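Let's take a walk through a protein together. Have the sequence and the 3D view ready, and follow along as we go.

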Amino acid sequence: MVVTNRFVKIYDLSQDNISPMHYITLPDDTIVDATLFVGSKGRVFLMVLSELGCLYRLELSTKGNVGAQPLNESIQMDGGNKHAKGSSLYFSSTYNLGTVVIICNRRRLETNSPFLSQKAWEGFSKGLIEEVQRWGSMKQTGVSLRYMMEFGSRPTTRNLLISAQFLHKELPIRIARRAIELEALPYGLSHKPAVVKVRDWYLDSFRDLRSFPDIKDKSDELEFTQMIKMIKVRHNNVVPMMALGVQQLKKDLDTKIDYKEDLDEIQQFLDRFYMSRIGIRMLIGQHVALHDPNPLPDCIGYIHTKMSPVEVARNASEDARSICLREYCSAPDVNIYGDPNFTFPYVPTHLHLMVFELVKNSLRAVQEKFMDSDKVAPPIRIIVADGLEDVTIKVSDEGGGIPRSGLPKIFTYLYSTAKNPLDEHSGIDLGTVTTMAGYGYGLPISRLYARYFGGDLQIISMEGYGTDAYLHLSRLGDSQEPLP
Ligand SMILES: Nc1ncnc2c1ncn2[C@@H]1O[C@H](COP(=O)(O)OP(=O)(O)O)[C@@H](O)[C@H]1O
Ligand SMILES: [Mg+2]
């Protein structure tokens, strides 16, 4: 048996070692481990553990199969799916036929023991928890920018109804996945008060969505739209609240040794978590915005069909400069090069956020380097290039660059060379402060926004001179949402 991330191949070596008897794939997930076991009457089963923590089962025929066979029968135990992210899997027939042991980095989970401890989910009914588990194991459906644009260009009553019905089914799936993950984080992160609060927001929203009856007509649709608008507001402060939880954990971990590995696991979780959040907020925001009776010209919900990247970059730079002025009492110039009349369809709020973060980083670097020097601070240069596939925005500064040893860390959520504002302003209302730097979230979050519509963000540094950030935005808009 050969197991890789993408397939399991099973050979009968007495026959040949080239063509597998069974070739099994997992269409929407990657494979972590697989094992074979023999059940009653000599029936042979393959069991697969996936990256998302689902267990799959397939009975293998003795004759073998031709071609790839997708796995789709997941194992449900105790009435729900087991979401047990582990690193290897074995089946123990000596214990009990129903026992599958999943070896995790630091935990050992057995599927016939309750996966969700009652203590952790205290305050929530058993029925709700089971429902979260059931919905969390359903398949998510991605949407592309192009689809959102085409669909939203005709916001007829019928289309709004279809959109609401889609969200009524899709949002609980996405939200349930996050709630389950929030409950199973390593190192007690799940129990940090800030994280418990975030988890409760997710559970409340899940409950609101599930208790909303089927959407049959226009008035149901309007009521549903009001409700999801409220859900979006409820989740406004998720990012700083999670940052607070992670910060609390970081303080605990500082004293422990296994630092690197801890960060990786949490880093990957946060990437999935925030990516999913971007998608959820985009879908809700888009649906709500389609109800606007007086939409701005060329706008379809959040999407501007003729967005000028130069203009958005100019606004974002001015916003970043005003924060720089507030914190340092001066701010380097920002020069923008590119055709202001060039436009393409994109979401201006997303682009604004990304350029704002990049320019803030550059301003800070230049400001700190030239603050005490008699030389004039060199301007930050933004170049906008329109290619066939991508629109690329380069933000260049002469702020001294980033040492090569620091580069692997800049996209992590726990790394910042600035003082943490959560330490400085403890007790402040989380969502209301915008600071120059310090959360360490600017780059990783910007990269997620870029990737959400098929783009990317790269940072190239010349230590001793400066940094170039390349923000690639996909022009085609037909890549599907990444669905963690
Ligand atoms: N243009 C730049 N010049 C120098 N260092 C940078 C630049 N951009 C990012 N960095 C480094 O990367 C770190 C992480 O950046 P970011 O994710 O935006 O978080 P924050 O700005 O909150 O620290 C910064 O603290 C800084 O050390
Ligand atoms: Mg920053």
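Residues are numbered from 1 along each chain as its sequence is written, while chains are lettered from A and ligands numbered from 1 in the order in which they are written.

So how confident is the predictor? The score to look at is pLDDT, the predictor's confidence in each residue, from 0 to 100. The protein's mean pLDDT is 85, with 84% of its residues at 70 or more. Over residues 93-99, though, pLDDT is below 50, and it stays under 50 over residues 103-119 as well. Where pLDDT is low, the predicted coordinates should not be read in detail.

Now find the open sheet of five strands, with mixed pairing and the order 15-17-18-20-19. Helices (H or I, at least four residues) and strands (E, at least two) are DSSP runs, numbered from the N terminus, and two strands pair if DSSP finds at least two bridges between them. Why do strand 15 (334-337) and strand 19 (456-462) each have one side without a neighbour in the sheet? They stand at the edges, each with a single partner strand, so nothing in the sheet flanks that side. From one strand to the next, the twist averages 15°; axes here are lines fitted to C-alpha atoms, for helices over the stretch in contact, and angles run from 0 to 180 degrees between N-to-C directions.

Strand 15 pairs with strand 17 (residues 380-386) in the parallel sense, over four bridges. Strand 17 and strand 18 run antiparallel, joined by six bridges, and form a hairpin with three residues between them. Here alanine 385 stands opposite threonine 392.

Helix 8 (residues 309-328) touches strand 15, strand 17 and strand 18 (390-397), and its direction makes about 175° with that of strand 15. Helix 9 (residues 348-370) touches those three strands and strand 20 (466-474), with its direction at about 20° to that of strand 18. "Contact" means that the C-beta atoms of two residues, placed from the backbone, lie within 7 Å.

Next, look inside. A nonpolar core is a set of buried Ala, Val, Leu, Ile, Met, Phe, Trp, Tyr and Cys residues joined through C-beta atoms within 7 Å. Buried means 20 or more other C-beta atoms within 10 Å of a residue's own, exposed means 12 or fewer, and partly exposed is in between, with C-beta atoms placed from the backbone. The largest core has 84 residues, and those touching the most other members include Tyr202, Phe206 and Ile393. Domain 2 (126-289) and domain 3 (302-474) both contribute residues, so this core lies between them; the bounds come from an automatic or database domain assignment. A second, separate core of 14 residues includes Ile24 and Val48.

Our last stop is alanine 164, in helix 3 (residues 157-183). Is alanine 164 buried or exposed? It is buried, because 20 other C-beta atoms lie within 10 Å. Leaving out residues up to four places away in sequence, alanine 164 touches Ile215, Glu221, Phe224, Thr225 and His287.

Conventions: Predicted model: local features only at pLDDT ≥ 70, side-chain atom pairs only at ≥ 80, totals over all residues.
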